[in-house]
Amino acid sequence: MKMMLFDFHIHSEWSDGDNSLEEIMKAAKDKGLEIIGINDHLSSIKASIPLESEALQDYLLDIREISQTIGIKALAGLEIDIYPPDDLDIEVLNKYDYLIFENIMGLPKIKAICEFSKKIQGPLIGLAHTELRYPEPIFRKVIKLLEDNNIFIELNANYTQNYEASHDLFKIIAESKIGISIGSDSHSIKTLGLFNYAIEFLENFKINIEDRLVLLKKFKTGP
Ligand SMILES: [Zn+2]
């Protein structure tokens, strides 16, 4: 059976993307994508217009409603760069399908995300565009923490350099039970679903890609 066509990292006008949710979902459907994840920036050093925390409820409802209308499975996500993430409204976050944390390097930040993940019920938690610049013994600790806390890692089409030079470290991920996500990090409908490089990279390792795609596995049958 063919793998469902997906894209689990997309930005809209709600933060620094060019397109509305409606345009994105229509374009995704036209491209034949069956399940997508939209994760605008909840605050960001990089994004000039992050989501306001007051807008979290409206944003979520918008994703749910428009996906119903257009008839595409669209997961509601957030990309977060707040550390430690303790002052976030857990009640609202719990209604989301997934949360990805960006700029996470080093054990202290990884540990903070692990602690935070214990308070969260509902959304899957992952690291956006994971950087693999660790000495191997430290990386093994990172992987163990992520594995124990059920945190996935993401391969992101905008950051292929993050894993290109890390073939050996990626082997450790491949041998672990860590979930994987893949996304285009698209800020425009032109790049929706474009991440062939990530798939080609994963094919170097003896893993069942579909089996490791946690968002696909969990939400195939609807959020
Ligand atoms: Zn992003």
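Isoleucine 10 stands opposite isoleucine 38 of strand β2 in the predicted model. Strand β1 (residues 6-10) and β2 run parallel and are joined by three bridges; strands are taken to pair if DSSP finds at least two bridges between them. Eight of the eight residues of β2 are buried, so this strand is largely enclosed by the rest of the structure. A residue is termed buried if 20 or more other C-beta atoms, placed from the backbone, lie within 10 Å of its own, exposed if 12 or fewer do, and partly exposed in between.

The model is a prediction in which local features require pLDDT of at least 70 and side-chain atom pairs count only at pLDDT 80 or more, whereas totals for chains, interfaces and linings use all residues. Residues are numbered from 1 along each chain as its sequence is written.

Ten helices and seven strands make up the secondary structure of the protein; these are DSSP runs (helices H or I, at least four residues; strands E, at least two), numbered from the N terminus. The C-alpha trace spans about 50 × 40 × 30 Å along its principal axes. Of the 223 residues, 42% count as buried.

The largest nonpolar core comprises 61 residues, and those with the most contacts inside it are Ile36, Ile38, Leu99, Phe101 and Leu215. Strand β3 (residues 73-80) gives the most to this core, contributing five residues. Such a core is a set of buried Ala, Val, Leu, Ile, Met, Phe, Trp, Tyr and Cys residues joined through C-beta atoms within 7 Å. When residues up to four places away in sequence are not counted, Phe101 touches Ile80, Ile113, Leu127 and Ala128; contact requires C-beta atoms, placed from the backbone, to lie within 7 Å.

Helix α2 (residues 56-70) has 15 residues and reaches 21 Å from its first C-alpha to its last, close to the 21 Å expected at 1.5 Å a residue, the expected span being 1.5 Å times one less than the number of residues. Leu56, Tyr59, Ile63, Ile66 and Ser67 are the buried residues of α2. Seen down the helix axis, these residues fall within an arc of 105°, so they line one face of α2; the arc is that of the directions from the axis to the C-beta atoms. The cover over the buried residues of α2 includes α1 (21-30), β2 (35-42), β3 and α3 (90-93). On the other side of α2, Gln57, Asp58, Leu61, Glu65, Gln68 and Thr69 are exposed.

Notes. Two residues are in contact if their C-beta atoms, placed from the backbone, lie within 7 Å.
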